Structure formats: C-alpha cells, structure tokens
Amino acid sequence: MADIIDIGTQRDAALARAVEILSAREPVAMPTETVYGLAADATNPDAIARIYEVKGRPRFNPLIAHVADLTMAERHARFDPLSRKLAEAFWPGPLTLVLPLTAESDIHDLCTAGLPTVGLRCPRGFASELIAAYGKPLAAPSANRSGRISPTSAAHVADDLGDRIQLVLDGGSAPVGVESTIVKIEDGEARLLRPGGLDAAEIEAVLGMTLIRADHGAAIEAPGMLASHYAPDVGVRLDVDCVKPGEILINFAGQDIAGRDMAVEELDLSPRGDLREAAANLFAMMKQADALAPAAIVFAPIPTDGLGEAINDRLSRAAAPKG
C-alpha cells in the first residue's frame, strides 16, 4: 500500500520523497486546490505511461501539464495576449489554458494525446513547490481510476489507488473540490472547454467577452470532455422531484423533494444554498453515497449559475451511459 505523508508536519520530507519517486519515472498523488492529482514527469513517456496504467485511462484523453509559474509555462507554450491576460489574472489558481506548444517544448506526445496544443495550469500551494523542486512540468490528472469520482482527500486516493502507487501526499481536503476550468483562445474567441472551479463569469469579466461553450459531443481537446466521466458504480438520476425507495438523495439547500423520507440516506451539498460549498462537497458526498450501494443516487435540482455550471457539468457526465 502507498505511504501517506502529511505535508503539514513533514513538508521537507514529503518534497524529498516525492522528487525521488518522480525521478524514478513513477507517479505520486499530490494535493491541489481543485482535487488530488496523480503527478508524473510530463516530459517522460515512461512516466506518463505509468499514469495511464494506474488510472486505466484512454490514451486519446489528454492530460494537463502543471507548471510552477508563468516562466516555466512560457518554455512550453506560446501565449497570445488574451491567454497571457488570463494567466496573469488567475494563476496560480483553478484555470487551465490550452495553448500551442513551442518548438522547444519537451512535453511528450503522450501527455498531449498527440495534439499540437497543451493544457497548462499553475496550481496553488504545495503542488507548485513540488513542481519547482522537480524542475519540470508534471502531468497530473485526478488521482482516481479513469472515469470514477474525483478525489478531494488523501483517504479517497488511498482507497482507490493505494495498491497501485507508492506515495500519497496528504494536504487535507481540497478547498475548491472540482477540477479546473479549461479555456482555449482561438481566432480571437474564448472557448470554455470545461467549466470548473473558476467561475466563467470572472473569466468573462477579465476578457471583456462571452465564453463560447463546447457541447458534449465536441472533439476531445482537454480532460473531462468524455461524455461519461466522474461516475459512481450505481446509477445516477438528476433534477429529481421524487425519490424512490432504496435511493440516496443528494439535496441542495434542503429542498422538499417528494419521497425523501423513503431515501436510504439524505445528504445535502449545502444546506444554506452556497454553490461554492456545494462544489467542495460534491465528490466526497458522491463517494459516501456510492459506498452504501443504493439502488441509485439521485440529485435535487442545482442552480446553473456561477459554480453551478461546473457542478451540473460533472453530474451530467456522471449520469451518462457508460461506454
């Protein structure tokens, strides 16, 4: 089983051990502000192949390369003025930018799924320290088996991947709780490839333009665009107005859903109706519900404004038929 090191009490030891494992072309699970990532050297095909092996991830689904700062990012991607404006406004933070690779970049094709672009993100906190200590970008999809519920704690990672990796770095609960927002600037337009932990309205305010939304059938240009993703083992129903016997209800703001008294259990993403709190609780509550093996997990309606867009995106993919 994987070793778990608390970065709060053993920061230097955690950095040293993680760098050692990464240098051996093996992945480590690291905390970020969004979810826990399964990190490995983005320039090394053997290391990236280990990510795919551990996750059981389709190779046509690209990975995000995480960088320590804008200087490291500029070695690997060409920034147009709008992308640079977004990086300066929101990095470090939960924003991924899809950018053309530079001719000098050694980020491997396995990381980009053979695309001429790369998704780059500069995370906050310990993850940035680890990337700087290692000295190269780290490919880091969510630290879970492919298509499953994303992990927001070290315990989630250990439960799912503990028998497949050597090290989990414990940074407590991920404060954002959903993956990064992914944006691509192309032909002077800004495309939202995946809603996430940065509210689209904040991005639009900085750009001074409306983001164009990608539909679920769009070509895969970034992580999280598969139709079925973030899925528990049991079935999922959304926007319910009635709960059936044997189901678990995941509510929002204490809505009075018919049949809720017949639910195996009722959880509430945010009793006070706070979408930020709901996003932070989403994956943990899905895992909690899935572990009880109910007939289905059903969700009360959740607003689509603000971070509700990212929450509903994750839920629609969790509820999609599995391929």
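Take the contacts (heavy atoms within 4.5 Å) in the protein chain between residues at least 6 apart in sequence: 66% of them join residues at least 24 apart. Keep in mind that this is a predicted model, where local features need pLDDT of at least 70, side-chain atom pairs count only at pLDDT 80 or more, and totals for chains, interfaces and linings use all residues. Residues are numbered from 1 along each chain as its sequence is written, and side-chain values use heavy atoms, with hydrogens and water left out.

## Overall build

The protein chain has ten helices and 15 strands, taken as DSSP runs (helices are H or I, at least four residues; strands are E, at least two) and numbered from the N terminus. Its C-alpha trace spans about 60 × 50 × 35 Å along the principal axes.

As for burial, 57% of the 323 residues count as buried, meaning under 20% relative accessible area with a 1.4 Å probe, protein chains only.

## A look at proline 27

Proline 27 sits in the loop between α1 (11-23) and β2 (28-30). Its relative accessibility is 1%, so proline 27 counts as buried.

Who does it touch? Setting aside neighbours within four places in sequence, proline 27 is in contact with Ile21, Leu38, Ala39, Ala40, Arg50, Ile51, Val54 and Ile165. With isoleucine 51, which is 24 residues apart from proline 27 along the chain, the C-alpha atoms are separated by 6.5 Å.

Conventions: Buried < 20%, exposed > 50% of the residue type's maximum accessible area, 1.4 Å probe, protein only.
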